[in-house]
Amino acid sequence: MGKYILRRLIIALPSLLGISLILFILLALAPGDPFGELASNSNIPPEVRAALRVKFGIDDPVLIRYLRWLVAMLHGDWGFSFASRIDVDKLILQRVPTTLFVVGSSQILALTVALPVGVYAAMRPYSIFDQIANTFAFIGFSLPTFFTGLLLILIFSVNLGWLPFVYRTDIAATGWHWYWENFKQAIMPVAVLGLFQAASYTRYVRSAVLDVIRLDYVTTARSKGLHEGKVIVKHVVRNALIPVVTLVALQMPAVFGGAIVTEQIFRIPGIGSLLITSILANDTPVIMAVTFVFACLVIVFNLLADIIYGWLDPRISYR
Amino acid sequence: MAVASVVILALLTSAVVLGPFAWRLPINEIDFTARLSAPSWQHPFGTDDLGQDLLARMLYGGRISLAVGFAAMAVAIIVGTLIGAISGISRGSVDAVLMWITDLFLALPQLPLLLLVIYLFRDFLKNLVGPEGGIFILIVMVIGAFRWMPVARLVRAQFLSLREKEFVEAARALGATTPRLVIRHILPNSLGPVIVAGTIDVAAAIIAESTLSFLGLGFPPDIPTWGRLLFDAKDYLDIAPHWALFAGAAIFLTVLAINFIGDGLRDALDPRKVM
């Protein structure tokens, strides 16, 4: 198992480097440069501008700039935000917990809904429950998250007034009241993200369980007289979960992408909205750092998916 | 379900293509006396905050949204099939390199990079081809560039299994060159999963384009794609909900119909019915 993890790690690192290289080259190829606005400032004579360019090494070849950037990132020097005037890593660290909370809760919600519904639908295929579950799943992942978000805001915040629709990280309350306020404001974004994921997970769980439930060892377990619940949970679900778990881990990057949109709708101060605001504000160090963080998340979750898959299915790690 | 969806999609497409000929209100006729009015006989979908008729705007925007969806799917399928075919038919290092590139692209975070590329190259393409055409090309290429990987993997898997079959061996014994083998024999038989992936791609492309417009980074603001309509509508939710509802419902129905069609195609091409 250890060798398997090591092999996966060795593959993951070049991928991370490759992604960061692609990112950096994208930004290097883009027209315009950070000193563009200095050019219009008449206080700065052209010699000073040229000297600044040499000092910051803007005209050096791309690969040298990339290596310099990489070394700086690895040292922990993530740059200085043009727009927010603080160090980029502090800015990101401020916002990561919120995003992680929303995304994590939505995944937990998605799995809590999808697993029972998918398993039960597979236990009784083509029954009424199955048809209804399938239809809801289709509707669920055809509704774009921004539309469901807007609908929920319309119904619950505007018309009924039950839930706040602006997310605040500085709620002035303590104890149970604080938890209740947090819960109320987090319900809608978590529900939007979670139910969208739940829709596609339900279909995968259903088809994975359907693949397993007709196999011989399940029939053997039933004919041995085992309780149906035990058959389902101990034998069917354990084996059907293997592709599902891999799918969940592989979907995490897409969920973070979906979180970007949700954060815009509900005004949640997380990493996704940081990306959007920095793109609109032309704030290159923040854009680079946030996209790098997203790329790292993708690699980490792919790695996690491989490791969990190897742990759940011992046949994989012996290869 | 799938047949009903084909009908719905055909209706939507014909409405979008032929509609502007039947419903002749211009899309940018500003009429402040009719701002934010609810649906009425004069304006069946209501009006927006500038008094522009929403039905006309949605019909016009629908053309663009559907065009982006289908074009992006075409790009993704062409690139994916090309790379999958080359990878599948050749062994050894070409295959390994192409698969490593595919894995690398699969590991890229989609939405952040989409936003980044559009933001970086929007002005450049605008100067090159004009605002609408430039953005169209950019969005289609970028969305297509993120969706070719599953197609490539599918095609490669099909090639690897079809390559060992007898009819390929027979064709090779008859003296067929490799390109002819690929084009005339293997490729037509491997297109089943590709078609299913293609329908999913259209839905995903439409959603991606709507997301981009919703975040404000898609087409220029005066072009009323459905995502852009939602972006404009979200500030007026309490006083004019019909605006957001119609635009969102259009996206929802199109994507739902495409998903049902894809599911129906998958059932038709791979009937593993559970008894």
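View 1. The C-alpha trace of chain A spans about 85 × 55 × 35 Å along its principal axes. If one takes the contacts in chain A between residues at least 6 apart in sequence, 73% of them join residues at least 24 apart.

**View 2. Confidence in chain B and in the model.** The mean pLDDT of chain B is 80, and 91% of the residues of chain B reach 70 or more. For the model, the scores are ipTM 0.75 and pTM 0.80. Where pLDDT is low, the predicted coordinates should not be read in detail.

**View 3. Helices α2 and α8 of chain B, where their axes cross.** Helix α2(B) covers residues 54-89 and helix α8(B) covers residues 191-214, and their axes come within 8 Å and cross at roughly 135°. An angle over 145 degrees would count as roughly antiparallel and one from 65 to 115 as roughly perpendicular, so α2(B) and α8(B) are oblique to each other. In this arrangement α2(B) passes α8(B) in a right-handed crossing. On the α2(B) side, the residues making the contact include S65(B), V68(B), G69(B), F70(B) and M73(B), while the α8(B) side includes V194(B), G198(B), D201(B), V202(B) and E209(B). Taken together, the residues of this contact divide into 10 nonpolar, 5 polar and 2 charged.

**View 4. The contact between chain B and chain A.** Each chain brings residues to this contact, with 35 residues from chain B and 35 residues from chain A. On the side of chain B that touches chain A, at least two residues each are supplied by α3 (93-107), α4 (110-129), α8 and α10 (241-269) of chain B. The largest share of that side, 12 residues, comes from α4(B). By residue type, the side of chain B that touches chain A divides into 27 nonpolar, 5 polar and 3 charged residues.

Key: Residues numbered from 1 in each chain as written. Chains lettered and ligands numbered in written order. Predicted model: local features only at pLDDT ≥ 70, side-chain atom pairs only at ≥ 80, totals over all residues. pLDDT = per-residue confidence, 0-100. Axes fitted to C-alpha atoms, helices over the stretch in contact; angles between N-to-C directions. Helix = DSSP H or I, 4+ residues; strand = E, 2+ residues; numbered from the N terminus. Parallel < 35°, antiparallel > 145°, perpendicular 65-115°, else oblique. Left-handed = near helix turned anticlockwise from the far one by under 90°. Contact = placed C-beta atoms within 7 Å. Nonpolar A, V, L, I, M, F, W, Y, C, P; charged D, E, K, R; others polar.
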